[in-house]
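Student: Hi! Could we go through this structure together, piece by piece?

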Amino acid sequence: MSQVILYARVSTTEQTVAHQRTQAESAGFAIDAVVADEGVSGVSTRLADRPQGRRLFDMLRRGDVLVVRWVDRLGRDYQDVTDTIRELMRCGVIVRTVINGLTFDGATKDPMQQAVRDALIAFMSATAQAQVEATKEAQRAGIAHAKARDDAYRGRKPSYSRAQLDIVRAQLAQGVGVSAIARDTGLSRGTIYRIQGDSADAEAALARWGVQ
């Protein structure tokens with residue numbers, strides 16, 4: 001009998017596996033099992049090299065559904081993510097995302113549909129890598145911006161955490177609406193609009209308050 005497995009990856013103490021499961025179940029997924037890697041970077045560690053990532057490959061069987069919040073949970077490296085999804089499809093595993101409701105499987109034999117599917121995989125994988133590179137650049141800009149200001153003035157403490165800021169940036173890059181982002185993160189629409197209007201300043205605010 002096929003099973004639905006949620007793979008969750010959390011890289012900071014502010015992220016939680018429970019939140020990712022709640023998101024998946026709210027989107028209509030009936031989760032049979034959860035496999036999670038905590039405190040693991042998606043940039044430097046391939047899925048197959050993570051402790052629970054290896055277990056995940058051992059668990060999955062043909063016909064199973066692998067659910068992830070988005071493809072960035074699988075990894076942040078373009079080649080790693082594309083290779084992982086294609087390997088799972090070759091094994092008969094269906095990969096589905098909570099955000100955007102995407103489905104990747106190897107069922108179609110039509111060359112045109114295969115080309116569209118593969119192009120989408122490539123695009124999503126490239127977006128995952130581009131997001132982390134953009135975040136690093138914003139962090140550098142935010143730190144420089146903070147240092148340029150008077151150290152004695154920090155302004156109002158940010159109403160968002162590092163994890164929430166990362167989610168807002170990722171979903172804005174994917175074209176997710178402000179109302180949907182507010183629902184996913186618990187932030188106000190005004191806060192999301194401010195982040196959208198000046199991402200570097202939002203990063204600087206976290207830096208001024210020492211939020212990692």
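This is a predicted model: local features need pLDDT of at least 70, side-chain atom pairs count only at pLDDT 80 or more; totals for chains, interfaces and linings use all residues.

Student: Okay, back to α5. How many residues does α5 have, and how far does α5 reach?

Tutor: Helix α5 has 12 residues and spans 17 Å from its first C-alpha to its last, close to the 16 Å expected at 1.5 Å a residue. The expected span is 1.5 Å times one less than the number of residues in the helix.

Student: Is α5 mostly covered or mostly open?

Tutor: Mostly covered: nine of the 12 residues in α5 are buried. Buried means under 20% relative accessible area, exposed means over 50%, and partly exposed lies in between (1.4 Å probe, protein chains only). The buried residues of α5 include R162, L165, I167, V168 and R169.

Student: What does the side chain of R169 meet in a salt bridge?

Tutor: The side chain of R169 meets that of E203, at 2.8 Å from N to O. The pair links distant parts of the chain, with R169 in helix α5 (residues 162-173) and E203 in helix α8, 34 residues apart. For the term itself, a salt bridge is a side-chain nitrogen of Lys or Arg within 4 Å of a carboxyl oxygen of Asp or Glu.

Student: Are R169 and E203 buried or exposed?

Tutor: R169 is buried, at a relative accessible area of 13%, and E203 is buried too, at 4%. Both belong to a network of salt bridges that links R162, D166, R169 and E203.

Student: And which residues are buried in α8?

Tutor: In α8 (residues 199-208), they are A202, E203, A204, A205, L206 and R208. After α8 comes G210, whose phi is positive, near 70°.

Student: How many salt bridges does the count come to?

Tutor: Seven. One of them joins E25 to R21, with the closest N and O atoms 2.9 Å apart. Both lie in helix α1 (residues 17-26), four residues apart, about one turn of the helix.

Student: Why does that spacing matter?

Tutor: An α-helix has 3.6 residues a turn, so residues three or four places apart point the same way. Another such pair is R90 and E87, three residues apart in helix α3, and their closest N and O atoms are 2.9 Å apart.

Student: What does β4 pair with?

Tutor: Strand β3 (residues 65-68) runs parallel to β4, joined by four bridges, and V65 stands opposite I94. Two strands pair if DSSP finds at least two bridges between them. Strand β5 (residues 103-104) runs antiparallel to β4, with two bridges, and there R96 stands opposite T103.

Student: What lies between β4 and β5?

Tutor: That hairpin has five residues between the strands, and N100 takes a positive phi near 75°.

Student: Last one: how many helices and strands does the protein chain have?

Tutor: The protein chain has eight helices and five strands, in the order β-α-β-α-β-α-β-β-α-α-α-α-α along the sequence. Buried residues make up 44% of the 212 residues in the chain.

Notes
Residues are numbered from 1 along each chain as its sequence is written. Side-chain values use heavy atoms; hydrogens and water are left out.
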